[in-house]
Amino acid sequence: MKTPGVLLLLWSALVVVAAERGGLHVEATDAAAASTQQSYLSEFRAAQRQMIAQMAEQREELRLAKAQIEELKSGAVRPSNVAFSTSFSVKTDKHIGPLKTDTTLLFDLVFTNVGNAYNTTTGLFTAPLKGVYQFNYHIFAGGDQGAGHGAGAKLFKNKDEVVTAYNHVAPHDVNTSQSVILQLQEGDTVSLLLEAGWWVAAYTGHLTTFSGHLLFAVGY
Ligand SMILES: *[C@@H]1O[C@H](CO)[C@@H](O)[C@H](O)[C@H]1NC(C)=O
Ligand SMILES: *[C@@H]1O[C@H](CO)[C@@H](O)[C@H](O)[C@H]1NC(C)=O
């Protein structure tokens, strides 16, 4: 009768061990799940923090962009500055003209050319941006001693004549000038044209000048 008792004891022991092992296993599984959950949660929180930081950054960027738009709309900021002032570079006094055809005057002496919008090779000012510009020119010419030359120049916007400065044939030195304010699109050109039969002086004193500048940009 001892054998069944020992067997029972052994079986009981096995059951206990099995139960304990099982219990340990369950505990281990729970712990793993909890730690996985914990790490998901902390990842989620990190992502959340990042998103909140990014949103704050974007709000700040938007605020700055809005402020810049308002500033530009108020016209307080010019996108760039444009100004040129020119004459003829001469070593000895001479006249340009009278010529047989209408000719664009080339002012090759540059006093100022901020923005490089005046081209001395073509004689064209090209508007680098849409805006309102002012142009001035002064024409000096010698008296023609009865040879019949009027003195002057016409200001052109692209292919269109805008204003003229002209002085009739005169026995003595003459001066004539013009000023005009034009609204230009980017790429519009402005130049001075010497009409066929007219002349202008290119004297060492730089008595003939052509200049212009941006008053204000439009649409920025
Ligand atoms: C002036 O115009 C000429 C002819 O179109 C061009 O070759 C030259 O590059 C221009 N110069 C400047 C400074 O833009
Ligand atoms: C035109 O200006 C020049 C240079 O200042 C001067 O010598 C000349 O007398 C002026 N002409 C007239 C008609 O006043």
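Guide: In strand β12, the side chains of W198, V200 and A202 point one way, those of W199 and A201 point the other way, and all are buried. Buried here means under 20% relative accessible area, with exposed over 50% and partly exposed in between, using a 1.4 Å probe and protein chains only. Strands (E, at least two residues) and helices (H or I, at least four) are DSSP runs, numbered from the N terminus. This is a predicted model, in which local features need pLDDT of at least 70 and side-chain atom pairs count only at pLDDT 80 or more, while totals for chains, interfaces and linings use all residues. Residues are numbered from 1 along each chain as its sequence is written, chains are lettered from A and ligands numbered from 1 in the order in which they are written, and side-chain values use heavy atoms, leaving out hydrogens and water.

Strand β12 covers residues 198-202, and because 5 of its 5 residues are buried, it is largely enclosed by the rest of the structure. Two strands pair if DSSP finds at least two bridges between them. β12 pairs with strand β2 (residues 94-96) in the antiparallel sense over 3 bridges, and A201 of β12 is the bridge partner of H95. Strand β8 (residues 150-157) runs parallel to β12, and 2 bridges join them; here G150 has W198 as its bridge partner. Strands of a sheet pair through backbone hydrogen bonds, either parallel or antiparallel.

Elsewhere, an open sheet of 5 strands is ordered β4-β1-β13-β7-β10, with antiparallel pairing. Its edge strands, β4 (109-114) and β10 (174-184), each pair on one side only. Neighbouring strands of this sheet are turned by 10 degrees against each other on average, direction ignored; the axes are lines fitted to C-alpha atoms, for helices over the stretch in contact, and angles run from 0 to 180 degrees between N-to-C directions. Within the sheet, β1 and β13 (residues 209-217) pair in the antiparallel sense over 5 bridges, with F84 opposite G212 of β13.

T86 is one residue of β1 (residues 83-87). T86 counts as buried because its relative accessibility is 0%. A polar atom of the T86 side chain lies 2.7 Å from the backbone oxygen of F210. Such a polar contact is a pair of N or O atoms within 3.5 Å; within protein, one must be able to donate a hydrogen and the other to accept it, and residues adjacent in sequence count only if both atoms are side-chain atoms. Beyond its neighbours within four places in sequence, T86 is in contact (heavy atoms within 4.5 Å) with F107, L109, V110, F111, Y118, T208, T209 and F210.

Ligand 2 has F140, D173, N175 and L207 around it, each with a heavy atom within 4 Å. One of its nitrogen atoms is 3.1 Å from a polar backbone atom of D173, and one of its oxygen atoms is 2.5 Å from an N or O atom in the side chain of N175. On its own, ligand 2 has 360 Å² of accessible area, of which the protein covers 39%; areas come from the Shrake-Rupley method with a 1.4 Å probe, and for residues only the protein chains shown count as cover.

Overall, the protein has 1 helix and 13 strands. Of its 220 residues, 28% are buried.
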